Amino acid sequence: TAEAYEVGPTDGLFRVALVDFGVKRNIERCLGECNCRVRVFPMSTTLAAIQAWKPHGIMLSNGPGDPGAMPESVKLVRSIVESGLPVFGICLGHQLIAESLGMATEKMHHGHRGINHPIKDLTTGRDEVTSQNHGFVVRKADAEKNTAVEITHLHLNDGSVAGFRLTGRPVFCVQYHPEAGPGPYDSRYLFDRFVENMRREIPVERALAQNA
């Protein structure tokens with residue numbers, strides 16, 4: 001989008017700023033189903049413009065392109081990560097968070113395409129079937145040596161990084177598509193994790209007062 005716009009319910013408890021790098025509509029729908037009020041911002045936005053809306057959390061969307069060739073977007077994402085707000089990144093959003101932390105992304109010989117990719121959530125030990133569509137990946141060696149990062153998800157076919165979170169900050173991201181429609185639905189819990197991060201940072205009473 002070239003202009004910011006709101007979508008879905010306007011009475012949601014938590015206000016989520018969704019940065020549009022090529023957003024899928026189902027991300028907007030999933031946030032709405034989680035009692036979130038969503039305002040979509042163009043990829044050329046600034047942190048100041050986002051903060052003026054007083055969001056409780058920020059979502060970084062999926063999208064096409066080489067994250068290593070998007071310096072302005074990396075700069076924006078770095079400021080978002082440093083804002084202290086809860087952040088959830090999907091696919092390109094995940095890659096841009098990595099780039100903002102000094103971790104390189106690289107083009108895969110064969111990308112991950114399809115609706116049946118197996119992922120392990122290292123935080124729970126559970127496996128999930130996921131939808132994926134990407135040709136770049138976060139360099140695993142960079143993620144492993146970054147002391148500010150905990151790898152949370154691995155692709156079971158090739159061991160590539162499928163998700164990570166920041167230690168000490170409410171920021172996490174995944175390489176795949178938890179919003180996949182019409183499925184698989186194994187990863188929808190990630191939206192709940194995002195909401196829980198916002199709930200921990202912004203008590204419900206404070207959120208209600210801000211929305212009044």
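How much of the accessible surface of the protein belongs to carbon and sulfur atoms? In this predicted model, the accessible surface comes to about 9,500 Å², and 51% of that area belongs to carbon and sulfur atoms.

**View 1. Overall fold and dimensions of the protein.** The protein has seven helices and 10 strands. Its radius of gyration is 16 Å, close to the 17 Å that the globule rule gives for 212 residues, so the protein is as compact as a globular protein of that length. Taken along the principal axes, the box filled by the C-alpha atoms is roughly 50 × 35 × 30 Å.

View 2. Of the 212 residues in the protein, 54% are buried. Among the contacts with a separation of 6 or more, 67% are accounted for by residues 24 or more positions apart.

View 3. A search of the whole structure finds zero disulfides. C30 is accordingly in no disulfide, and the nearest cysteine sulfur, that of C34, is 7.0 Å away. With a relative accessibility of 3%, C30 counts as buried.

**View 4. The cysteines C36 and C34.** The closest cysteine sulfur to that of C36 is in C34, at a distance of 5.8 Å, which is too far for a bond, given that a disulfide requires the two sulfur atoms to be within 2.5 Å. C36 is also buried, having a relative accessible area of 0%.

Technical notes. Residues are numbered from 1 along each chain as its sequence is written. This is a predicted model: local features need pLDDT of at least 70, side-chain atom pairs count only at pLDDT 80 or more; totals for chains, interfaces and linings use all residues. Side-chain values use heavy atoms; hydrogens and water are left out. Helices (H or I, at least four residues) and strands (E, at least two) are DSSP runs, numbered from the N terminus. The radius of gyration is taken over C-alpha atoms; the globule rule is 2.2 Å times the number of residues to the power 0.38. Buried means under 20% relative accessible area, exposed over 50%, partly exposed in between (1.4 Å probe, protein chains only). Contact means heavy atoms within 4.5 Å. Accessible areas come from the Shrake-Rupley method with a 1.4 Å probe; for residues, only the protein chains shown count as cover.
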